[in-house]
2 protein chains.
Amino acid sequence: MGRNRATLADVARRAGLSKTAASMVLNGREGTRLSADAHQRVFAAAEELGYRPNVAARSLRTRKTATIAFVSDIVATTRFAGGLIRGALDAARERDHVLLITETQGDATFEQYAIEAMLDRQVDGVIYAAMATRRLTVPPAILGGPVVLLNATSSDDLPCVLPDDDRAGRSVAAVLLEHGHRDGIALIGRNRLKEGDPEVSLAAEARLNGIREALGEAGVTLLAESFCTEWLPEHGYAATRGLLNRSPRPSAIICMNDRLAFGAYQALGEAGLTVPDDISVISFDDDPIAAWLRPGLATTALPHEQMGRRAVELLLDGAPTGNALVPMPLRRRRSLAPPAG
Amino acid sequence: MGRNRATLADVARRAGLSKTAASMVLNGREGTRLSADAHQRVFAAAEELGYRPNVAARSLRTRKTATIAFVSDIVATTRFAGGLIRGALDAARERDHVLLITETQGDATFEQYAIEAMLDRQVDGVIYAAMATRRLTVPPAILGGPVVLLNATSSDDLPCVLPDDDRAGRSVAAVLLEHGHRDGIALIGRNRLKEGDPEVSLAAEARLNGIREALGEAGVTLLAESFCTEWLPEHGYAATRGLLNRSPRPSAIICMNDRLAFGAYQALGEAGLTVPDDISVISFDDDPIAAWLRPGLATTALPHEQMGRRAVELLLDGAPTGNALVPMPLRRRRSLAPPAG
DNA sequence: GGTGGTCGCTAAACTGATTTAGCAGAGCAT
DNA sequence: ATGCTCTGCTAAATCAGTTTAGCGACCACC
């Protein structure tokens, strides 16, 4: 890999100057008194030789590697990771940086190992990401340098990037009100664990609050709230069947995420009900399935790409404010209609 | 990030030996004549100081970085990437290596940039991955060092890791035959572009061949074959509606991937047909939705994690044979039953 | 005519590891 | 006593950059 590359010494020789001069020119150092001609010659020589600096040599001296560690609990291998990584990758590229990605899989030993591997490589900073939006404990080892939390907060006072679940909750409620739903709104996906323990989830509570506030301001309360042990299709399915056994039937269902909504669609389909004519459905996340469902599922998108991007920006450009709440855009799809009858 | 770490010189001083001795001991060099006592003292000193070698310094000298570049067209940000990356991550960790991940997004400029960034960092090897199993052209720049293609082949003679789509096709056909389907088997997802152009897909042709061969050996031919411009749910939906308008109705549907099968489920549900009592469905990929569908969708799993792992193994442990065809395990789920009637 | 300052540039130190070449002392044979 | 080998260890070079300290030439000024 990359033998016989031109070195700075080669460039300097070709330009008829010292390594010092070549280094200064190529780094665009201010305040140096090298002549315009010298600049010319160095640039030309570098160009002709296809010179690229050796990062190892440079970072040995400068302790900078133009490398960011992207450490996650498990995020890198889930469908949710894609956007986070892509956004981070893009922003890193724009800043001439590169991403060293590791996964701890929630295992303390792996985490220890991963972090040492990163620190050994002198990364310029660490993005510590979580799969589920939650509070976590940052391993002290990484606190020696810049850290940004992605999709997470911690008790340490670190800059972090979070989706604005509260506002998403409000907009979900708002769009239902806008369609004329009031007394028939049911919620699927209540979960005491997720709502009560910030180390498990921050999204659940925030979404719920947003929904309740927006409805409350309109003088509306939820018709029903179904609890689910997990937010998977089968739980949405079961919860929906439960709702349909009750009377009156809801006119709209809010699901705490798209997978629950997928389960809801399945139950509604089996019950012979049509979305949105019989029941409107809306949810959170904008999982790819939301667009694949028939009719398309209205939802609020987790802005993963934006979030990944923000994290790199906060890390490299400095975090003036600290936290960043990234808005979750509403995706209007055909699962919404005014209440039947 | 990681200031005031102990250096090798610190360790040597504390052990009362030279840097040379310390280096040799810590690297477990054979044939050195250092005393057992010297070994002891070095290890103790390293331990006490929490010594960790500076990777930049080491790789400046050795030209090894214990870092692998994972370059992909777009794989890193799709739902399919997860497994590939996780497998590679795991195998890399086992070998004390770390992954530098980049995405070219199919853009030549980005690719150029990404590859230079990797080479500047003296990666020990490159894993070049594609999202869709296909033939691609490897940028010449990376041919200077070890390269393994992941989910791809090329005209260069490089080791590559591919899913065994042909055998997957055979096992899909076999399991239908095993359930007693013969004359009622329809196929959804024919696509001349994917089948004909290896730069677009290798999977389509291989799956099709596998299916045809296994059916052919049993003296069975397909009842119908539907063409789809893409392999997305909406195309599976349309194709399935088309099939249902024909007579006789198929007893089983093979879909070229799970997203098509999702569309098929939607169409079957709307038509009031039940899987698997009226029609069996089986497909390829083992996308997460396969398990979420009701009933669970039988499919053959793309062994992404295995593949990512194999790629690292081939890269670091040497590729004795060259290519690796990774088996696609059959996931038996409730979408299969004997033909009705 | 010395002194001071600026200009344009360079030698050498430095980063922290690996690796080559070789030294001092012990033991042994001649 | 001399030469030889073996043992146990080290000094110094090396990798490819960045950075510090400073050199010689030239000019201006008093």
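Visitor: Why is B:Arg190 called buried?

Guide: This is a predicted model, and the values are computed from it. B:Arg190 has a relative accessible area of 7%. Buried means under 20%, so B:Arg190 is buried.

Visitor: What makes B:Arg190 and B:Glu225 a salt bridge?

Guide: Their side chains meet at 2.4 Å, N to O. The cut-off is within 4 Å, so the pair counts as a salt bridge.

Visitor: Which parts of chain B does the pair tie together?

Guide: B:Arg190 lies in strand β6, residues 185–190. B:Glu225 lies in strand β7, residues 224–227. The pair therefore ties together parts that are 35 residues apart in sequence.

Visitor: Why is B:Glu225 called partly exposed?

Guide: B:Glu225 has a relative accessible area of 30%. Buried is under 20% and exposed is over 50%. The value falls in between, so B:Glu225 is partly exposed.

Visitor: How do you know that B:Asp164 forms a salt bridge with B:Arg167?

Guide: The closest N and O atoms are 3.8 Å apart. That is within 4 Å, so the pair qualifies.

Visitor: Is B:Asp164 buried or exposed, and why?

Guide: B:Asp164 counts as buried, because its relative accessibility is 10%. The cut-off is under 20%.

Visitor: What makes A:Glu195 and A:Arg190 a salt bridge?

Guide: The closest N and O atoms are 2.7 Å apart. With a limit of 4 Å, the pair therefore counts. Both A:Glu195 and A:Arg190 are buried.

Key. Residues numbered from 1 in each chain as written. Chains lettered and ligands numbered in written order. Predicted model: local features only at pLDDT ≥ 70, side-chain atom pairs only at ≥ 80, totals over all residues. Heavy atoms only, no water. Buried < 20%, exposed > 50% of the residue type's maximum accessible area, 1.4 Å probe, protein only. Helix = DSSP H or I, 4+ residues; strand = E, 2+ residues; numbered from the N terminus.
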